[in-house]
Amino acid sequence: MYSQINLQLIGNLEKLGLTENEAKAYVGLVSLREATAREIHEVTNVPRAKIYEILNALAKKGYLEVRQGSPTYFRAVDPKEVIEEIRDDFLNCSIDALNQLNELNYELPQNSPVWYIQSDRIMKTRIREIMVGIREELFIYSTNPEFLQEFEHEIKNLEKICSVKLIVDKLDKFTSIGLDFREISKKFTSFMNKIAIDGVQYKEEFFMIADGKVSITVYRAGNRREGLVINLPIVVYLQKAIYERLLVPSYIIEDK
């Protein structure tokens, strides 16, 4: 039975290119130092029908040594040597892939009007890229203080050069962020929290309009976080008009 540390180790080896069974077999063999296929199977739970195939694959990669006999014994190559070899192979493959990608010359549109994003890292990168180009106005609506706080530095810099309007669902959630917020009405918050389509609950976490030209929405669709970038002037204009309507006193609760 693997400990939590070994499970994490197996996951890391998978990220380096080993299959799950290869990672389990190698970790098991390192812990046993030297063992038969049966002993490795019993320790790692790698299927008995596949254990020889897995061990032979590791041997071909140079990750273990084989001592022929009855029974045959296997011994793991020093982990330092294995990881260094994997690192070098990974680095070389990365460089080759980058060079090949740079040689591609497909005729793609320079500015697609709509982008759908599923990666948190790419969402945050795209938000920062958009913020860099803002010159006149930044509008943000947020319900997630942890997500918004990641952009506190960029927002403070933008406050020096353009108009910044920040609206949140509940002021007391954002007290740790040193920015000036206004709280939206409970009526609007209640409406936004009841959006469900085809049985999937949607919740907006972050919405930004940059210079009235481009918008980005980050929302929860069930348990998934998704993002949507829109660079269609008429759509962004309508979005801006809707949110500006929310800035009238009947929708905004002023911070007292």
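Gln239 counts as buried, because its relative accessibility is 15% and the cut-off for buried is under 20%. The model is predicted.

**Gln239 and its surroundings**

- Gln239 sits in helix 10, which covers residues 233–245.
- Leaving aside residues up to four places away in sequence, Gln239 touches Phe207, Ile209, Ser215 and Ile230.

- Three strands form an open sheet in the order 1-3-2, and their pairing is antiparallel.
- Strand 1 (34–36) and strand 2 (64–67) are the edge strands, each pairing on one side only.
- On average, neighbouring strands of this sheet are turned by 30 degrees against each other, direction ignored.
- How many bridges join strand 2 to strand 3? Four do, and these two strands run antiparallel.
- Strand 3 spans residues 73–76, and its Ala76 stands opposite Leu64.
- Strands of a sheet pair through backbone hydrogen bonds, either parallel or antiparallel.

**Helices on the sheet**

- Helix 2 (residues 20–32) packs on the sheet and touches strand 1, strand 2 and strand 3.
- The direction of helix 2 makes about 90 degrees with that of strand 3.
- Helix 4 (residues 51–61) lies across strand 2 and strand 3.
- Helix 4 runs at about 115 degrees to strand 2.

Key:
Residues numbered from 1 in each chain as written. Predicted model: local features only at pLDDT ≥ 70, side-chain atom pairs only at ≥ 80, totals over all residues. Heavy atoms only, no water. Buried < 20%, exposed > 50% of the residue type's maximum accessible area, 1.4 Å probe, protein only. Contact = heavy atoms within 4.5 Å. Pairing = 2+ DSSP bridges. Axes fitted to C-alpha atoms, helices over the stretch in contact; angles between N-to-C directions.
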